[in-house]
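Open the model in your viewer and keep the sequence panel beside it. The stops below say what to select next and what is there.

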Amino acid sequence: MVTPLLEAAIAARAPLVDAAHETAFRLLNGFSEGLPQLVLDVYRRCLLLHDYTPGGDPQLTAQALATARAQLPWLTSAVVKVRDGAPAARNGHVVFGAPGDLPDRVLEHGVWYALQLTLHRDASLYLDTRPLRTWAKERLRGARVLNTFAYTGSLGVAARAAPCGQIISTDANRQFLAIAEASFALNGFDVPRRDVRVDDFFSVVARLKREQALFDCVFVDPPVYAKSDNGVVDLQAGMGALINKVRPLVGHGGALVLVNNAVFVSGAAYQGLLDSLCDGAYLSLETRIDVPADCTGYLRVTAPPADPAPFNHSTKIAILRATRKDGRRAEAAIGLQAAGGRTAT
């Protein structure tokens, strides 16, 4: 059963294979394409297999690897991550090639992103947010940007490529932010060390509020659940509180970029939350950004746990636009000055 489904998935993604093998893409979304035990990604010439079978299924991953190698003979290495396994198995082990064959970077939309494929359970670059990185590179020229829950900093790297005026990246994990710094270096981007901040989200936001900092764009891409001494992150029950925590940092006309990847949060429920936040004068929904087809799956034969519509995937990406009272007053004063008038009292 694995071979025909995987062969069909590989054929559908043929246009994504670049001649130099420098890019990354999802080779199989098994959840939607009929193999819910597997998700396969390609990072340059490396195949990354995510095994969702409890405890792992070596026979299944061996069959998938054999099929992929037959179809893609240019692969030189492969890693298996057992999602429900021991810590070492979750981080991944090399099953083809040598550890030295694993790529340390990929190229996307003209920007290099550093990789450490076996650092932890994820791959250090999320493929489903690729269009959001494109948006950042194309839209944030000259902007002051805050990247919260930065992880390995890819959204901030894309913003710096715009180039933005400033990018502050913050995450509680020093190892993840070291990858962000490696990405900045790969591209020759000069980012001050003080703008890469290892700290808890709630502490960083509180400090920036005290400083009365304002940003043209704030990224909020949190984990599904996390807890610290200062607060709880819960995308199923507390996304609204998280958004309200950070929204005072968005300047007048600025973008609040939100990512919710909780698979059990339906698109309708999340859209309802966004509508409630925008039910007033100070936030408005500018756009939703779709996840690319290689990540949603070309051959959708199984339904997701929760319907993501009006989003196209459980990774739900929305861009809100902020309006501030002080910004409105300034606009009114400028308009009045231009018209040569004065306000009535």
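Select A158 to begin: A158 is buried, with a relative accessible area of 0% (buried means under 20% relative accessible area, exposed over 50%, partly exposed in between, with a 1.4 Å probe and protein chains only). A158 sits in helix α5, residues 154-160; helices (H or I, at least four residues) and strands (E, at least two) are DSSP runs numbered from the N terminus. This is a predicted model, in which local features need pLDDT of at least 70 and side-chain atom pairs count only at pLDDT 80 or more, while totals for chains, interfaces and linings use all residues. Residues are numbered from 1 along each chain as its sequence is written, and side-chain values use heavy atoms, with hydrogens and water left out.

Which residues touch A158, leaving aside its neighbours within four places in sequence? Show Y113, R133, A136 and K137, which are in contact with A158; contact means heavy atoms within 4.5 Å.

**Two cis peptide bonds**

The peptide bond from A162 to P163 is cis, with omega near 0°. Next select P310, in the loop between α10 (293-296) and β16 (316-322). Here the peptide bond from A309 to P310 is also cis, with omega near 15°.

Go to H21, in the loop between α1 (2-12) and β1 (24-29). H21 is not a glycine, yet its phi is positive, near 55°. Is H21 buried or exposed? H21 counts as buried because its relative accessible area is 10%.

Now select S124, in the loop between β7 (111-114) and α4 (130-139). S124 has a positive phi of about 80° and is not a glycine either. With 1% relative accessibility, S124 is buried.

**A loop residue and its contacts**

Select T53, which lies in the loop between β3 (46-51) and α2 (58-71). T53 has 17% relative accessibility, so it counts as buried. Display Q37, L60 and V82 as well: T53 touches these residues, not counting those up to four places away in sequence.

**The whole chain**

Zoom out and colour by pLDDT, the predictor's confidence in each residue, from 0 to 100. The protein averages a pLDDT of 93, and 94% of the residues score at least 70. Over residues 330-339, however, the pLDDT is below 50, and this stretch has 4 contacts in the model beyond near neighbours in sequence. Residues 341-345 also stay under 50, with 3 contacts beyond four places in sequence.

Switch to a cartoon view, where the protein has 11 helices and 16 strands. Its radius of gyration is 22 Å, close to the 20 Å that the globule rule gives for 345 residues, so the protein is as compact as a globular protein of that length. The radius is taken over C-alpha atoms, and the rule is 2.2 Å times the number of residues to the power 0.38. Along its principal axes the C-alpha trace spans about 80 × 40 × 40 Å.

How much of the protein is buried? Buried residues make up 50% of the 345 residues. Among contacts with a separation of 6 or more, 65% come from residues 24 or more positions apart.
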